[in-house]
Amino acid sequence: MRYGPTQPASSEISSLRKAAGLTQREAAFALGCHLDTWRDYEAGRSRPRSRDRVEKMSTILGVTVEHLEPLLSEDLSSRASVWHPQTTAAKIAMAEVMQGR
């Protein structure tokens with residue numbers, strides 16, 4: 001898919017966030033997601049899974065929903081899977097804490 005000036009690739013989320021004057025932590029908090037999730041959006045390793053999340057992102061970033069809609073249909077299958085051992089370990093540890101281990 002080719003992106004024009006009104007259709008950002010995932011990697012352009014960082015530029016939009018910076019233009020909005022937000023840190024990654026502030027943007028993640030405003031969206032209600034984990035900081036790693038926001039970082040994955042910016043790096044193109046993940047994308048928002050729902051239109052509701054894209055709508056909220058558009059408000060946070062100060063752009064229209066239509067500007068971010070390509071994120072919903074962007075094909076990530078051609079990108080290499082990235083495994084983050086620290087993130088995975090943290091999720092396992094959190095699950096164990098939540099289960100009372």
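Modeller: Let's start with Trp38, which is buried, with a relative accessible area of 0%. Buried means under 20% relative accessible area, exposed means over 50%, and partly exposed lies in between (1.4 Å probe, protein chains only). Keep in mind that this is a predicted model: local features need pLDDT of at least 70, side-chain atom pairs count only at pLDDT 80 or more, and totals for chains, interfaces and linings use all residues. Residues are numbered from 1 along each chain as its sequence is written, and side-chain values use heavy atoms, leaving out hydrogens and water.

Tyr41 is also buried, at 4% relative accessibility. Trp38 and Tyr41 are 3 residues apart in helix α3, so about one helical turn separates them. Helices here are DSSP runs (H or I, at least four residues), as strands are (E, at least two), numbered from the N terminus.

A pair of aromatic rings is described by the distance of the centres and the angle of the planes. Searching the whole structure gives 1 aromatic pair, and Trp38 and Tyr41 form it edge-to-face, with 6.4 Å centre to centre and 65° between the planes. For such a pair, the ring centres of Phe, Tyr or Trp (its six-membered ring) lie within 6.5 Å; planes under 30 degrees apart count as stacked, over 60 as edge-to-face and the rest as tilted.

Now look across to the next helix. Thr37, Trp38 and Tyr41 in α3 meet Arg53, Met57 and Leu61 in α4, where contact means heavy atoms within 4.5 Å. The axes of α3 (residues 35-43) and α4 (residues 51-61) come within 14 Å and cross at roughly 85°. Axes are lines fitted to C-alpha atoms, for helices over the stretch in contact, and angles run from 0 to 180 degrees between N-to-C directions. The two helices α3 and α4 are therefore roughly perpendicular, a label for 65 to 115 degrees; under 35 is roughly parallel, over 145 roughly antiparallel and the rest oblique.

Leaving aside neighbours within four places in sequence, Ile13 is in contact with residues including Trp38, Tyr41, Met57 and Leu61. Arg17 has its place in helix α1 and is buried too, with a relative accessible area of 7%.
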